[in-house]
Amino acid sequence: MSSTASFATSPRRRLAMPWPGLLGLAVLLAWLLIAAFGPALLGHDGSDMGDADVFAQMSAQHWLGTDYLGRDMLARVIQGARYTVGIALLATLMASSIGTLLALLAAASAPWVDAVLSRGIDTMTSIPSKMLALIMVAAFGSSLPMLIPTAALIYVPGAFRIARSLAVNINAMDYVTVARTRGEGRLYIMLHEILPNIINPMLADLGLRFVYVVLLLASLSFLGLGVQPPDADWGSLVRENIGALASGSAAVVAPALAIASLTIAVNLLIDNLPGRAARGAH
Amino acid sequence: MGAQIQVRDLRIVAGARDAEQTIVHDLSFAIAPGEVLALIGESGSGKTTTALALMGYARSGCRIAGGSVRIGETEVLALDEAGQRALRGRRVAYIAQSAAASFNPSRTIMDQVVEPALIHRTASRADAEAKAVALFRELALPNPDTIGARYPHQVSGGQLQRLMAAMALITDPELVILDEPTTALDVTTQIEVLRAFRRVVRERRTTAVYVSHDLAVVAQMADHILVLRDGETRELGATAQILTAPSNDYTQRLLAAARPKVREAGTPGAAATETPLLEVRQLSAGYGPRDRDGQPKALILEDINLKLYRGQAIGVIGESGSGKTTLARAIAGLIAPCRGEMLFDGQPMPPLLAQRSKEELRRVQIVFQMADTALNPSQTIERILARPLQFYRGLSGEPLQRRIRELLDLVKLPSTVAGRLPGGLSGGQKQRVNLARALAAEPELILCDEVTSALDTVVGAAVLDLIAELRRELGLSYLFISHDLHTVRSVCDEIVVMQHGRKLAQVARADYERGPHHPYYELLARSVPELRQGWLDEQAAA
């Protein structure tokens, strides 16, 4: 689960991505499309209980069987994709951009700004992430507008650490010194001189962080603290249908597989990005 | 005693199998036993690649595609992996450019020097150590009996380079490859190392290959010189013939670039009544936290006085650690001086960047040594040049484009480079863009920090020509920082000599050749290798 593989990409691989990367890309695109358009294409509402049995087996009518209330499982998974992918994507984008901006500020400012920011964020790192999430949910209740900032807050320190270590190196380059002697402001140095040179490794990092956020949300939902019924993301789908675990019904296996396929796909893609991180690094 | 070396039709290719590029083209040469052959050429000429191929080694991404390399009776390229491993370090030894990077910092020097002998089982540990001490003595290292017990960071760079030679010679190799062994050293250190190398090579009659870009150094070391360019032989001949009667035009250009040349800029115009453009008074500066008296922990510059008149070029020369770069940074406002003041055009100039006005900033521009790190790799040349024009003069649209073209023209670059990224330019071109960016601000003073040090001789000479020409045409003033006395002499009207953060002497152009000077300046002047054979022997005799 690291991006080192992409650093070691040989020059020959630069043009075409190897097949595991392409597979990852295909699966990720599929899930994104499903999250965006799936519910609309479905044609019927997933909350419709119909007349089917509870935990029905896979059939022509219900491709993935039914859940504990007799709802169509395929529809539930497709609707869950919107929550899982959407929340995780928003939270990751927030975490990465806040982390990167703070890191740029830390690198381009006076040493004391850097010290305050870095130590402050170190303090946040020392709080266990699940605990922090539990406390936030306990304090403010569980809702979508609450979940996204919580997940973002938890992953800001990681993004900050990586971006800062990259930005500090760029900040020591002569071209940044030249910009400084020219009299450029801090914002220009942050956004025009440093940011373009750290953006590629940060994009690779964004992908990895996305995976962590997906897993955090799934586990929160599994504990009943994430997305609340009747809405459901994949984590809560697993929890709702945990009763069918013994019988091996698709109702519990399908959302679990969905989580696994998404996270593995993103990892495969990131690890095989064609020389992107490598080029950004020097 | 060295071996006879015979290289025939050596061809080395690089790149993926379907898109190979030949980087060394069918090279053939021979070295008689006990002779030294120099491989000379600019970066990218294939000289190091060729030298490494003598050990049967190709860097990753390269492949030896054909030809033959014979050391004595052995055909190196026909050996298998194990055979080549047995050869390397035993019969062929390699001395790299940076000794500091070649030593393991966590083991003692002796451990590492005797390692080749132990790996190849040519001697017992005790014998190897005795031999190492003898070699230390031969290489004129201080305290030869005890220096082996030290760690690499406890000896100087020049000593480390000689210790590496001891490591290479401990197995009595038949061929020694020296790859730019003195390039990273200061001139006064270089001369000691050269002397030591020359003595061991002579006394042991080792066959050697000396890779370098510096003709003056090579003239002292080599019996024959092979001039390489783009992986092809340009000229191969005895050292005396190459130096005095080169037949190839590239060799002639190389020699012309290496010869010291005075680049007069016409009007020094240093009337004593005129206000100096830049006056530095009793400047002290340093790094680290300050104590109660405002004295930084590490004081780098002490009590510097300097006057630079309009249109003048002053060279600041000194060895690494002399504080010359810190002086430039203090003038540019990058570090706060702890004492002293600076006057620009008679007006006091605030010490720090943040306190200076845009106009004050515009009038002083700095040009850095490494053009690679001085240009933002993610911006096109056009954008790099446009920024100071927009920033200082608010240009846009057609006037901006015209000015960019003018600037490129001024530094003699085709306007087609405007759309390219710095990565697509050569080292010399990048340094020209670097200069053009400084010129864009229309400064009155340019601080040049080692601007030609990272460039090849021919390219560096062209950049120096450009600098002198710009001074003539635009009436610019320069503070020119360099470790190379030749460079400074060729473009500057006055030389400031620095050592340990103090200004030792100031020498005007008229007095360059006339003494007496400060002993340290004399030492520096004596240490610069001259482009003729026998110079090193004269120095040794003196």
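In α15(B), B:E382, B:L385, B:A386, B:L389 and B:Q390 meet B:L400, B:R403, B:I404 and B:L407 of α16(B). Two residues are in contact if their C-beta atoms, placed from the backbone, lie within 7 Å. The contact of α15(B) with α16(B) comprises six nonpolar, one polar and two charged residues. Nonpolar means Ala, Val, Leu, Ile, Met, Phe, Trp, Tyr, Cys and Pro; charged means Asp, Glu, Lys and Arg; the others, Gly among them, are polar.

The model is predicted: local features need pLDDT of at least 70, side-chain atom pairs count only at pLDDT 80 or more, and totals for chains, interfaces and linings use all residues. Residues are numbered from 1 along each chain as its sequence is written, with chains lettered from A and ligands numbered from 1 in the order in which they are written.

The axes of α15(B) and α16(B) (residues 397–410) come within 10 Å and cross at roughly 115°. Axes are lines fitted to C-alpha atoms, for helices over the stretch in contact, with angles from 0 to 180 degrees between N-to-C directions.

Chain B touches chain A through 18 residues, which are in contact with 13 residues of chain A. On the chain B side, α13 (358–363), α14 (371–374) and α15 (381–393) each give two or more residues. Helices (H or I, at least four residues) and strands (E, at least two) are DSSP runs, numbered from the N terminus. This side has 13 nonpolar, four polar and one charged residues.

An open sheet of four strands in chain B runs β2-β1-β4-β5, with antiparallel pairing. Strands pair if DSSP finds at least two bridges between them. β1(B) (residues 5–14) and β2(B) pair over seven bridges. B:Q6 has B:A30 in β2(B) as its bridge partner.
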